[in-house]
Amino acid sequence: MCLAVPGKVLDIEERDGTRMATVDFGGVAKEVCCEYLPDLRVGEYTIVHVGFALQRLDEDSARQTLALFEELGLLEEEFGDPWELAAREATK
Amino acid sequence: MKYIDEFQDPELARRLLDDIHAIVTRPWALMEVCGGQTHSIIRHGIDQLLPDGIELIHGPGCPVCVTPLEVIDKALEIASRKDVIFCSYGDMLRVPGTGRDLFQVRSEGGDVRVVYSPLDALRIAQQHPERQVVFFGIGFETTAPPNAMTVHQAKKLGIGNFSLLVSHVRVPPAIEAIMQSESCRVQGFLAAGHVCSVMGTGEYPPLAERFRVPIVVTGFEPLDVLEGVRRAVRQLERGEHTVDNAYARVVPPEGNPAAKAMLADIFEVTDRAWRGIGVIPGSGWRLAERYREFDAEHRFSVTGIDTREPVECRSGEVLQGLIKPHECEAFGTTCTPRTPLGATMVSSEGACAAYYLYRRLGTTSGAVIPSGTATMAARTSGSAGSTSEPAPLEGSPVV
Ligand code: SF4
């Protein structure tokens with residue numbers, strides 16, 4: 001939950017009166033609320049925390065961070081099946 | 001444990017380390033505030049690559065670890081109710097309450113669901129108007145804006161069956177409490193980068209000034225941590241104590257103004273108990289009076305909770321940086337990630353779990369320090385910093 005993951009904004013639309021973006025995290029696409037970054041644009045990179053875009057990030061930094069997270073298995077931790085992860089934890 | 005070659009940019013890591021080794025003349029004790037940083041430090045063996053006298057004290061910045069037992073027990077109680085769908089982040093599933101955890105509540109028939117975002121919980125509430133949907137809203141300043149927005153949405157859309165069990169904590173009052181503690185050895189802080197990405201850096205200069213400690217806003221990735229350490233040590237060696245932003249690519253000085261405005265609307269500052277530490281004045285947020293209808297603590301009267309911590313668990317001392325995890329008797333014997341006695345053994349951001357997962361062999365032989373690196377020119381004894389090496393991890397399991 002504590003991880004903030006950088007991703008690329010693929011699409012932005014209004015839903016239920018809220019600005020929602022589709023963000024790509026190195027292959028995993030998620031719906032993300034971008035109310036806190038009102039001028040976020042398609043094509044930009046953003047730092048996402050529990051489904052909310054909280055800051056912008058330059059492309060190079062975003063790519064490096066994503067590559068690191070991927071390598072460390074952190075993306076699976078963040079986006080994988082939590083029950084399975086917790087069950088696996090329990091049998092470590 | 002880790003080789004410097006495993007860093008993403010070994011060249012840069014080497015340069016940062018060389019620089020740290022070159023500027024250090026005496027021992028210093030730094031506290032990394034955030035659990036993500038602790039995780040990174042232990043996983044990558046950063047503490048073992050630093051000069052001997054530089055001690056990293058692991059701070060209380062793992063929200064899973066500091067959520068008070070009483071709140072966990074309340075969560076377990078609410079989650080057990082027939083009419084409730086209880087939504088939580090996956091990290092909270094195995095946090096021990098008094099005698100059980102959310103995982104068990106679920107196996108006993110409780111409707112516990114793991115969500116990625118609090119907005120998912122709100123959606124579940126919309127889909128199940130006949131049920132009460134409760135979201136477990138814990139975390140630091142980074143996790144609070146999403147929860148604030150969710151309550152804002154619930155009110156706007158008139159979703160009456162949604163509520164939040166809130167236990168938010170704030171970093172600056174914790175820094176204040178740590179500095180005021182009599183046993184405090186901390187001489188400089190690596191502040192939590194993502195907390196500052198929301199709150200900005202404005203709350204820290206008064207603390208740096210008052211306690212005469214450098215506060216360096218630092219990221220989580222190994223190279224970020226090295227850079228944070230380098231800047232903090234540089235200030236200490238020069239006798240400075242300012243707020244420095246080593247994570248400017250994510251942290252503008254003002255933070256995120258829209259998120260701060262929402263926080264100010266939805267929450268109000270309150271005293272908060274930190275698990276293992278105790279009550280820290282003004283260190284938390286709760287829902288403001290006008291949003292009480294969305295407060296799970298008000299919606300469900302939970303009484304008769306009798307909290308009991310296992311006596312052998314020393315996570316309070318771990319969280320205050322007074323002992324390292326392996327100094328706890330239970331570490332790796334009766335307490336493991338599989339059978340955690342304390343919350344710090346659950347989340348991988350908890351210091352106990354980080355030590356367990358990445359310090360099994362506990363040797364420093366793997367830490368390859370670039371040749372030609374300067375050792376500490378002199379070690380003065382006047383510093384409060386400890387120069388003792390961490391004890392070998394006896395009793396810790398070997399893979
Ligand atoms: S090792 Fe276990 S029992 Fe000891 S302090 Fe850590 S969580 Fe508590």
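In β6(B), which residue is the bridge partner of Gly137(B)?

Tutor: The model is a predicted one. The bridge partner of Gly137(B) is Val166(B), which belongs to β6(B). Another pairing is that of Phe135(B), which stands opposite Leu164(B) in β6(B).

Strand β5 of chain B spans residues 132–139. Of its eight residues, seven are buried, so the strand is mostly covered, where buried means a relative accessible area under 20%. β5(B) also pairs with β3(B), residues 84–88, again in the parallel sense, here over four bridges. In that pairing, Ile85(B) has Val133(B) of β5(B) as its bridge partner.

Stepping back to the whole sheet, these strands belong to an open arrangement of six, in the order β4-β3-β5-β6-β11-β10 of chain B. The pairing across the sheet as a whole is mixed. Its edges are β4 (111–114) and β10 (267–274); each has a single partner strand, so one side of each has no neighbour in the sheet. On average, neighbouring strands here are turned by 25° against each other, with direction ignored.

Next, the loop that leads on from β3. Leu93(B) sits in the loop between β3 and α6 (102–107) of chain B. Its relative accessibility is 0%, so Leu93(B) counts as buried, the limit being under 20%. Leu93(B) and Arg106(B) are 13 residues apart in sequence, and their C-alpha atoms are 9.4 Å apart in space.

Helix α9 of chain B takes up residues 171–180 and is mostly covered, with seven of its ten residues buried. The buried residues are Val171(B), Pro172(B), Pro173(B), Ala174(B), Ile175(B), Ile178(B) and Met179(B). In an α-helix, residues three or four places apart point the same way, because there are 3.6 residues a turn.

One of the pairs is Trp28(B) with Ile54(B), the latter in β2(B).

Most residues other than glycine have a negative phi. Arg212(B), although it is not a glycine, has a positive phi of about 50°. Arg212(B) lies in the loop between α11 (205–211) and β8 (215–218) of chain B. With a relative accessible area of 58%, Arg212(B) is exposed. In chain A, Val50(A) is not a glycine and has a positive phi of about 35°. Its loop runs between β4 (45–49) and β5 (52–57) of chain A. Val50(A) is buried, at a relative accessible area of 1%.

Gly26(A) is placed between β2 (18–25) and β3 (28–33) of chain A, and at 46% relative accessibility Gly26(A) counts as partly exposed. Its C-alpha atom is 10.0 Å from that of Val5(A), which is 21 residues away along the chain.

Last, the ligand. The residues around the ligand come from chain B and include Cys313(B), Arg314(B), Cys328(B), Phe331(B), Cys335(B), Met345(B) and Cys352(B). By class, this shell has eight nonpolar residues, three polar and one charged. The ligand takes up the space of the second largest cavity.

Notes
Residues numbered from 1 in each chain as written. Chains lettered and ligands numbered in written order. Predicted model: local features only at pLDDT ≥ 70, side-chain atom pairs only at ≥ 80, totals over all residues. Heavy atoms only, no water. Pairing = 2+ DSSP bridges. Helix = DSSP H or I, 4+ residues; strand = E, 2+ residues; numbered from the N terminus. Near = heavy atom within 4 Å. 1 Å grid on protein atoms, 1.4 Å probe; cavity = no way out; pocket = protein on both sides within 12 Å on 5 of 7 lines; lining within 4 Å. Sits in = over half its atoms within 2 Å of the grid points. Nonpolar A, V, L, I, M, F, W, Y, C, P; charged D, E, K, R; others polar. Buried < 20%, exposed > 50% of the residue type's maximum accessible area, 1.4 Å probe, protein only. Axes fitted to C-alpha atoms, helices over the stretch in contact; angles between N-to-C directions.
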